[in-house]
Amino acid sequence: MNKVWLIIQREFLTRVRKKSFLIATVVVPLIFPAIIGGLIYIMMKEAESAKPDTVMVMDESGVINLDSSKNTKRFIFVPLQTSLEQAKKTYNETKDFALLYIPKFNISKPEGLMIYTQENPSIEKIGDLESILQDRVRDLKLQEFKIDKETLKNLKTSINLKQINLTKTGEEKSSNSGILYGLGFALGIMIYVFVLVYGIQIMQGVIDEKTSKVVEVIVSSVKPFQLMLGKIVGIAAVGVTQFAIWLILISFLSSGVLGYFGLKMPQKQAMEQMAKKVQDEDVKQAMNQPNSHIKELLGNLGEIPFAKIAFVFVFYFLGGYLLYGALFAAVGSAVESIQESQQFQFPITLPLLIGYFGLFMFILRDPHGSVSFWLSIIPFTSPVAMVGRIAFDVPTWQLLLSMALLIGGFILTTWIAGRIYRVGILMTGTKVNYRVLAKWFLMRE
Amino acid sequence: MEALIVKDVSKYYAEHTALDKVSITIPEKTIFGLLGPNGAGKTTLIRIINQIINSDSGEVLVFGEKLRPNHVEIIGYLPEERGLYKKMKVGDQLLYLAQLKGLSRKDALARIKVWLEKFEIKDWWHKKVEDLSKGMAQKVQFISTVLHEPKLIILDEPFSGFDPVNAELITEKILELKANGSTIIFSTHRMETVESLCDHIALLNKSKKILEGPKKQVKDQFRSNTFLVEHRGNHFSLPSEKYELKKQAVIEDNLFSSTIQAKEGIKGNQLIRDLIDITEVYSFQEKLPSMADIFISLVKGEGDDALKKHLQEV
């Protein structure tokens, strides 16, 4: 046992001391806040730099009345009182954004409206102009049908379904499938990526030992199984360490970035402006609406059992890693290069891939369906599937069954892998196929 | 006491038999040569002694005790295919390997210092193995083999990769280890090594042991009562009932060398006496078989008689 500990230490320390580990550990957490910060920064820059565009309006209809009183944040309207030909000439002499031509039209069927520009305008800007015109036409129609704006406002009702999970005991839990979906999605993918990345590290380590021939020296001091176990556990420790550092750095940096930009968040800015402009009672009420949403959202977040999810995540990460790690070790022992390992890697990664696709196709859509159930029970797919499903409240007996099977699963794969590994690491120059692997497996001690 | 006793050890693989009831006895504090052509089963036997693999039948006794896991701590093994962790520093590497052999960190550190000084490579501690030349890495590997002061040292082709100067240095260290009470097993193809260093030998061929014993005894076993004489003038005739002239060659002007085989019961002295009367003897020596001769003819599958014949003719 003492020797396994020595091996674990070596595997851990040599990896943790590598420059690549340091870089990955520091850079990855920087990426998330950097992306968030970058996006916010760009959005703010854009908002600041967006000067309103000047649009000349040649209005022959006499009903739209786009003048300076209708200016928005994006457009300044300059009415012209000439012929269209003259207007075109005037427009071409300026650097204004566009010339809008509104002929006489039928408000129930507006036709012939045109926009002249010097450059190709963005769809977005055209859309904005169109919606301004549509609003004007709608107002005209309201007047025609003798409906005032107040009545219209009262017609509008916003409905938001509040989700409540009714448990068998009659307890009510509000939930939010959006958050659960996101959580399941993120956790499932994380398990998939971790198991694959660290599994391949195990395989690489075994191949290195085999090709550098150091393995014969090592197995003259320890049992091959001890070496395999030490390697798997040592790399797991690297993974857990890296993950812990990431978690701390990401949460620290993200909150730092959000805190820095937080006061200038665009939505908040807009809301403050609105609040200043409009003193209307019902607008204030409308203002409170999103707040109640946020409160509800926060309440939902509070009701998600994060401690339980974190525990389950760590359990399935380690379980899945051990299950697949042993198989990756066996593959590494059988081959002499990464290229050669491809043929054996596929059947190993296949069940992991099934879990990954199952996550999208079944678990996140129908977390309690029978396919989702089986995916989260079978040890080969359960690490990805159960972690994706856990946020949706899995019955305890299912969770326990899945965990027990996963433990059984990795004991089984470790045993199988150990039998292949002990023979494989000393074999060089043999053409290995599945029959050879089976023979190694069956070989007596 | 015997350092190692191998009793009827067999190892079978699906397609072939790697070892077929091999028995070998290695006396303590000797240098033992384990010889044999490629594929004879030497590496399999060495791996069994090192508990890297298990035998299918038979037993192995190390210093009188049945092989058990903690015996790895008194055995040092230098495999033919050398290997160290390329990215690890020399010092860390030696420390790790020594600790795996059961040394405490403190003892290991002290001994590594001593050995690095012995080889005058103290400043290598922080060098990575991948930055060392092949010969340099071999030195590190040799140190890792003997660091835990094993009572039984198994060296598989220990001189490959060393230049003559370093080979001499290693030889010196091996003799030192023997003087300090270690038993050393050599597995090698280099017969000059066997001639100069080994006390005992065993020869494996096609999974079987075909020869074993003290080197001198083995050589005596293959004496063929053949003599090599240099003499002036070749006009003589030896009595054919006592001698047979196998070969005669001119060395230079009137100086000849003759290979003469004496019949059973006739000693060298008798031949000298007979020769003095008929020619001028320049030199006289018994033609003893070299280890290489014995090795080659036995492995070629010829019997003892054939070997003797072969030796007379060369």
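This is a predicted model: local features need pLDDT of at least 70, side-chain atom pairs count only at pLDDT 80 or more; totals for chains, interfaces and linings use all residues.
**View 1. Helix 2 of chain B is mostly covered.**
Of its 11 residues, 10 are buried. Gly102(B) follows helix 2 of chain B and has a positive phi, near 100 degrees.

**View 2. Helix 2 of chain B crosses helix 4 of chain B at roughly 25 degrees.**
Two packed helices are described by the angle between their axes and by the distance between those axes. Here helix 2 (residues 90-100) and helix 4 (residues 134-146) of chain B have axes that come within 9 Å. Their crossing angle is roughly 25 degrees. Angles under 35 degrees count as roughly parallel, so helix 2 of chain B is roughly parallel to helix 4 of chain B. The crossing of helix 2 and helix 4 of chain B is right-handed. Helix 2 of chain B contributes Val90(B), Leu94(B) and Leu97(B) to the contact. Helix 4 of chain B contributes Val140(B), Ile143(B) and Ser144(B). By class, the residues of this contact are 5 nonpolar, 1 polar and no charged. An α-helix has 3.6 residues a turn, so residues three or four places apart point the same way.

**View 3. Four strands of chain B form an open antiparallel sheet.**
The strand order is 2-1-4-5. Strand 2 (17-27) and strand 5 (65-66) of chain B stand at the edges. Each edge strand has a single partner strand, so one side of each is left without a neighbour in the sheet. Strand 1 (residues 2-12) of chain B pairs with strand 2 of chain B over 7 bridges, in the antiparallel sense. Within this pairing, Lys11(B) has Leu19(B) of strand 2 as its bridge partner.

**View 4. Strand 9 of chain B is covered on both faces.**
What lies on each side of strand 9 of chain B? One side carries His200(B), Ala202(B) and Leu204(B), and the other carries Ile201(B), Leu203(B) and Asn205(B). In a regular strand the side chains alternate between the two faces of the sheet. In strand 9 (residues 200-205) of chain B, 6 of 6 residues are buried. Strand 3 (residues 31-35) of chain B pairs with strand 9 of chain B in the parallel sense, over 4 bridges. Leu35(B) stands opposite Leu203(B) of strand 9.

**View 5. Strand 9 and strand 10 of chain B form a hairpin.**
Strand 9 of chain B and strand 10 (residues 208-214) of chain B run antiparallel and are joined by 6 bridges. Leu204(B) stands opposite Lys209(B) of strand 10. The hairpin has 2 residues between its strands. Lys206(B) takes a positive phi there, near 45 degrees.

**View 6. Phe63(B) and Glu149(B) have positive phi in loops of chain B.**
Phe63(B) is not a glycine, yet its phi is positive, about 45 degrees. Its place is the loop between strand 4 (57-62) and strand 5 of chain B. Is Phe63(B) buried or exposed? Phe63(B) is buried, with a relative accessible area of 9%. Glu149(B) is also a residue other than glycine, with a positive phi near 45 degrees. Glu149(B) is found in the loop between helix 4 and strand 7 (152-156) of chain B. At 55% relative accessibility, Glu149(B) counts as exposed.

**View 7. Helix 14 of chain A is mostly covered.**
Helix 14 (residues 382-389) of chain A has 8 of its 8 residues buried. Among them are Ser382(A), Pro383(A), Met386(A) and Arg389(A). Chain A has 16 helices and 6 strands. Of its 445 residues, 39% count as buried.

Terms used
Residues are numbered from 1 along each chain as its sequence is written. Chains are lettered from A and ligands numbered from 1 in the order in which they are written. Side-chain values use heavy atoms; hydrogens and water are left out. Axes are lines fitted to C-alpha atoms, for helices over the stretch in contact, and angles run from 0 to 180 degrees between N-to-C directions. Angles under 35 degrees count as roughly parallel, over 145 as roughly antiparallel, 65 to 115 as roughly perpendicular and the rest as oblique. A crossing is left-handed if the near helix is turned anticlockwise from the far one by less than a right angle, and right-handed if clockwise. Contact means heavy atoms within 4.5 Å. Ala, Val, Leu, Ile, Met, Phe, Trp, Tyr, Cys and Pro count as nonpolar, Asp, Glu, Lys and Arg as charged, and the others, Gly among them, as polar. Buried means under 20% relative accessible area, exposed over 50%, partly exposed in between (1.4 Å probe, protein chains only). Two strands pair if DSSP finds at least two bridges between them.
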